[in-house]
Amino acid sequence: MEFFYSEAKEPQPDVLVDLVLSWILGVGRQGTNVHITPLRIELTRPVKHRGLLECHFGCRVRFKAGRNALIFRSGDLDRPFVTHNEELLTIIGTHLESHLKRET
């Protein structure tokens with residue numbers, strides 16, 4: 001899973017990147033009810049707080065990468081969400097599609 005702002009004019013703040021990647025991992029863990037551990041994290045910034053990040057995410061961190069991303073095992077991405085609700089997804093999906101059509 002890669003993180004970037006397509007409309008950004010300035011570099012993304014490190015704390016925002018860390019927060020969003022942590023949030024994505026948290027959603028995956030809560031949704032699947034499994035303590036998923038990424039294979040690695042890739043960050044565009046220079047080496048900074050390696051120990052803290054590796055402890056938090058439970059995997060190695062690659063700095064000076066070409067993107068900000070969490071790399072998962074394909075099996076983890078295939079895990080079903082225990083909180084899956086088809087009716088709610090349909091409602092949300094319909095709302096998002098109508099919002100996108102109004103924006104374009």
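**View 1. Glu-54 and Arg-50 form a salt bridge in this predicted model.** The two side chains meet with N and O 3.4 Å apart. Both residues belong to helix α2, which covers residues 50-57. Why can they pair up along the helix? They are four residues apart, so about one helical turn separates Glu-54 from Arg-50. Neither end of the pair is buried: Glu-54 is partly exposed, with a relative accessible area of 25%. Arg-50 is partly exposed too, at 34%.

**View 2. Arg-40, Glu-42, Arg-62 and Arg-67 belong to one network.** Salt bridges that share partners join these four residues. Start with Glu-42 and Arg-40. Their closest N and O atoms are 2.9 Å apart, and the pair forms a salt bridge. Is Glu-42 buried or exposed? Glu-42 is buried, at 4% relative accessibility.

View 3. Arg-62 is partly exposed, with a relative accessible area of 36%. How many salt bridges does the model have? The count comes to seven.

**View 4. Leu-25 is a buried residue of helix α1.** The helix runs over residues 14-32. Leu-25 has 3% relative accessibility. That value is under the 20% cut-off, so Leu-25 counts as buried. Which residues does Leu-25 touch, leaving aside those up to four places away in sequence? The contacts are Ile-36, Pro-38, Phe-57, Leu-70 and Phe-72. Now look for Glu-7, which is 18 residues from Leu-25 along the chain. The C-alpha atoms of Leu-25 and Glu-7 are separated by 24 Å.

**View 5. Trp-23, Val-27 and Phe-81 form a nonpolar patch on the surface.** Together, the three residues have about 310 Å² of accessible area. Where is Phe-81 placed? Phe-81 lies in the loop between α3 (74-77) and α4 (86-103). Phe-81 is partly exposed, with a relative accessible area of 38%. The cut-off for a place in a patch is over 30%, so Phe-81 passes that part of the rule.

**View 6. Cys-55 and Cys-59 are not joined by a disulfide.** A disulfide is a covalent bond between the sulfur atoms of two cysteines. How many disulfides does the model have? The count comes to zero. Take Cys-55, which is in no disulfide. The nearest cysteine sulfur is that of Cys-59, 11 Å away. Cys-55 is exposed, at 67% relative accessibility, whereas Cys-59 is buried, at 8%.

Key
Residues numbered from 1 in each chain as written. Predicted model: local features only at pLDDT ≥ 70, side-chain atom pairs only at ≥ 80, totals over all residues. Heavy atoms only, no water. Buried < 20%, exposed > 50% of the residue type's maximum accessible area, 1.4 Å probe, protein only. Helix = DSSP H or I, 4+ residues; strand = E, 2+ residues; numbered from the N terminus. Contact = heavy atoms within 4.5 Å. Patch = residues over 30% accessible without salt bridge, like charges linked within 9 Å, V, L, I, M, F, W, Y side chains within 5 Å. Areas by Shrake-Rupley, 256 points an atom, 1.4 Å probe, with all protein chains shown as cover. Disulfide = S-S within 2.5 Å.
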